[in-house]
Amino acid sequence: MEPTNTLIGIVGKTNVGKSSFFSAATGIEVPIENRPFVTIEPNVGIGYARKKCVHVELGLPKCDASNSACIMGYRYIPVKLMDVAGLIPGAHEGKGLGNKFLDDLRRSDVFLLVVDASGSTTAEGVQVGPGAYDPVEEVKFVMFELDEWMYESIKSDWDKFTKLASVGALRDPVGAFSQRVSGFGITKAQVEAALEALKISDTELPKLGDDQLRELVVTLRKMTKPMVIVANKVDIPGSEKNVERLKQTFPDVPVVPTSALAELLLRKLSKQGLVEYLPGDSNFKVKGVLDQRTQRAVDMIRELFSRYGGTGVIQAINTALFDVLKLIATYPVEDFNKYTDKSGRVLPDVLLVPKGTTARELAYRIHTDLGETFLYAINAKTKQRVGADYRLNDDDVIKIVAAGAKG
Ligand SMILES: Nc1nc2c(ncn2[C@@H]2O[C@H](COP(=O)(O)OP(=O)(O)O)[C@@H](O)[C@H]2O)c(=O)[nH]1
Ligand SMILES: [Mg+2]
């Protein structure tokens, strides 16, 4: 059972650390019994969200994590990450690698917009001294490129759409428009919500001028491709004030300070047995004697940890899944007393579902049959029966009882 279908797209200009972030996030060696997502494209990897495992709250000595891993009481929940080539100004017009790679992003549910918070990379990706380039400008241009990309694509045969409507050949303009934007993973319900927010009626839709259409597209982009700003390279002195400015300039977008470099270094040192560190920890322990160079690197990371409480890599993924997409964790079980599945494994699977998901929707998510023949569910924490409309809480442990359930 895949814990989530979410696809996280990593975007940003060149040389800000996208690939470093990608390897820091996906290179974690996590022992997962049931490896989900078997077929993976070259630029897609598995990263992890991290959450206290519910077995700790339940006072159990351990669990038998299967579609995820449980290490020291933390669930590492796999999620797909996509690394794309760097955006440069004008990408939507085909500059750089242009539209081809932008199209890779269509399917993503959320963007991690990686910026160089030290300000040492220009818009074209050229390395300069720290502070020489403004990361606030960087966020603006990347957002602009993404909006333009979506706008240009939707605008490309808008005239045809308008004409069809004007001769009365469009019976359902909202449906037709939704069809056009479905390639971006946008649903009809989202189109309707955007139209309502902008007070555009069904009949007005095909008559929108350029500016109004752009406003609609930007609204849809924000709704369907929300973002986290990953303020990377915060190990470089002088980044702190840029992180603050990013937070002030983009109050609606979460900003997570990161150092992909520190995460990669910690992994290496941990493999060499020189430090004790779990990805996502806010602390690490040095074991043994370090040479001078390593000591300097470790001092740098300590400094970083004291300021930001970690490398931020897992934190950025957590922010995307839990704060932005508002997913919650649920643990389906068969035996609500022992918290086990059919084979007696304790809390094997965790499923991430949108906040507000009902018990029946969870059943559907597990198996169509289970949803169709759903009778009731049992909240394993309280041992109480709940109905089809019960809205799940974060870390709920749930047994689904269904008429058609086999076994
Ligand atoms: N100081 C520092 N350098 C970093 C960090 N992340 C990446 N870099 C460096 O930035 C450069 C570009 O990194 P890369 O991951 O290739 O960037 P991409 O072009 O956005 O994929 C490389 O020299 C990296 O070593 C970081 O967190 N801190
Ligand atoms: Mg790269």
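Me: Which residues does L246 touch, leaving out those up to four places away in sequence?
Reply: L246 touches V115, P135, V136, V139, I229, A231 and V255, where contact means heavy atoms within 4.5 Å. This is a predicted model, in which local features need pLDDT of at least 70 and side-chain atom pairs count only at pLDDT 80 or more, while totals for chains, interfaces and linings use all residues. Residues are numbered from 1 along each chain as its sequence is written, and side-chain values use heavy atoms, with hydrogens and water left out.

Me: OK, thanks! How many residues are in the largest nonpolar core, and which have the most contacts inside it?
Reply: That core has 62 residues, and L146, F177, L213, L216 and L246 have the most contacts inside it. A nonpolar core here is a set of buried Ala, Val, Leu, Ile, Met, Phe, Trp, Tyr and Cys residues joined through side-chain atoms within 4.5 Å. Buried means under 20% relative accessible area, exposed over 50%, and partly exposed in between, with a 1.4 Å probe and protein chains only.

Me: Which helix gives the largest share of this core?
Reply: Helix α4, residues 135-155, with 10 residues. Helices (H or I, at least four residues) and strands (E, at least two) are DSSP runs, numbered from the N terminus.

Me: And where does the core lie relative to the domains?
Reply: Domain 1 (7-147 + 226-323) and domain 2 (157-217) both give residues to this core, so it lies between them. The domain bounds come from an automatic or database domain assignment.

Me: What does the second, separate core include?
Reply: The second core has 39 residues, including A49, A65, V228 and Y331.

Me: Switching to α7: which of its residues are buried?
Reply: In α7 (residues 188-197), the buried ones are V191, A194 and L195. They span an arc of only 100° around the axis, which puts them on the same side of α7; the arc is that of the directions from the helix axis to the C-beta atoms.

Me: What covers them, and what sits on the face turned away?
Reply: The cover includes α6 (173-181) and α8 (210-224). The face turned away from the buried side carries the exposed residues A189, E196 and A197. After α7 comes K199, with a positive phi near 55°.

Me: Nice. Now β4: how many of its residues are buried?
Reply: Strand β4 (residues 74-83) is mostly covered, with 8 of its 10 residues buried.

Me: Which sense does β4 pair in with β1, and with β2?
Reply: With β1 (residues 7-11) the pairing is parallel over 4 bridges, and I8 stands opposite L81. With β2 (residues 44-52) the pairing is antiparallel over 9 bridges, and G47 faces V79. Two strands pair if DSSP finds at least two bridges between them.

Me: What about β3 and β4, what do they form?
Reply: A hairpin with 2 residues between the strands, where M72 in the turn has a positive phi of about 50°. Strand β3 (residues 69-71) runs antiparallel to β4, joined by 3 bridges, and C70 stands opposite R75.

Me: One more: what is the strand order in the open sheet of 5 strands?
Reply: The order is β11-β10-β14-β12-β13, with mixed pairing. The edge strands, each pairing on one side only, are β11 (351-354) and β13 (384-386).

Key. Chains lettered and ligands numbered in written order.
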